[in-house]
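I looked through one protein model and kept short notes. The entries follow in the order in which I made them.

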Amino acid sequence: MSAVLPPHQPDISLDVQQVNRTKAGTSNQQLHSRSLGLVLLCCGLLCFIQALLNIALRLAPMGSSQQERKNWDDSRRHCRQEEADLVIINSRAEQAFLSGLTASAWVGMTDRDQEGTWLWVDGTAVSYDGLLWAPGQPDDSLGGEDCGELRKMTGFNGLNDYGCNTMNVWICEKPL
Ligand SMILES: [Ca+2]
Ligand SMILES: [Ca+2]
Ligand SMILES: [Ca+2]
């Protein structure tokens, strides 16, 4: 009758436990691997978000609330005090990004030196074809408009020449 109790049952039980431990180990490894993947993914996302924020902070109006307004020269002076300058728009993509910041803001272009010849603050020419100008602009209206703003209004979206003494918000750009 002693055969009723299998002599190797403890071993089987041990094997089962070992299998269970092995399974648990594999499961833990998988979990650990997944957790590590998740952590790396989160780090990647954080880096991506941080990169986006750096760009936004660099280009956002610096040291001023959206309500603070200055004429073009004082706006530029403020930027330069921050070791920056009024923004130079290098591409349609940059223009689209900046247009999303505010409905109207000074940018770093002027035709003061020669009427009709628009230059950025670094002396390079403003593109007429490569950037979006508001309809009919520049028009040098109302006795002269020699400073550049970026406008985003329904039916009036793009670069516009504007009176330099007009009070406006502004956008600085700081080279990295
Ligand atoms: Ca730029
Ligand atoms: Ca002008
Ligand atoms: Ca105009």
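I began with the face of helix 2 that is turned away from its buried side, and found the exposed residues Arg77 and Gln81 there. Helices (H or I, at least four residues) and strands (E, at least two) are DSSP runs numbered from the N terminus.

This is a predicted model, in which local features need pLDDT of at least 70 and side-chain atom pairs count only at pLDDT 80 or more, while totals for chains, interfaces and linings use all residues. Residues are numbered from 1 along each chain as its sequence is written, and chains are lettered from A and ligands numbered from 1 in the order in which they are written.

Next I listed the buried residues of helix 2 (residues 72-81): Trp72, Ser75, Arg76 and Cys79. They lie on the same side of the helix because they cover an arc of only 95° around the axis, taken from the directions from the helix axis to the C-beta atoms. An α-helix has 3.6 residues a turn, so residues three or four places apart point the same way.

What do the buried residues of helix 2 pack against? I found strand 1 (85-86), strand 2 (104-110), strand 4 (147-153) and strand 6 (172-173), where a contact means C-beta atoms, placed from the backbone, within 7 Å. After helix 2 comes Glu83, with a positive phi near 55°.

I then checked the strand pairing, which needs at least two DSSP bridges between two strands. Strand 2 and strand 4 are antiparallel over four bridges, and Ser104 stands opposite Arg151 in strand 4. Arg151 also has a bridge partner in strand 5, Gly158. Strand 4 and strand 5 run antiparallel and are joined by seven bridges. Their hairpin has two residues between the strands, and Gly155 takes a positive phi near 80° in it.

Last, I read the confidence, pLDDT, which the predictor gives each residue from 0 to 100. The chain mean is 77, and 62% of the residues reach 70 or more. Over residues 1-24 pLDDT stays under 50, and the model has zero contacts beyond four places in sequence for them. Residues 42-64 also stay under 50, with 18 such contacts. Where pLDDT is low, the predicted coordinates should not be read in detail.

Technical notes:
Buried ≥ 20, exposed ≤ 12 C-beta atoms within 10 Å, placed from the backbone. Contact = placed C-beta atoms within 7 Å.
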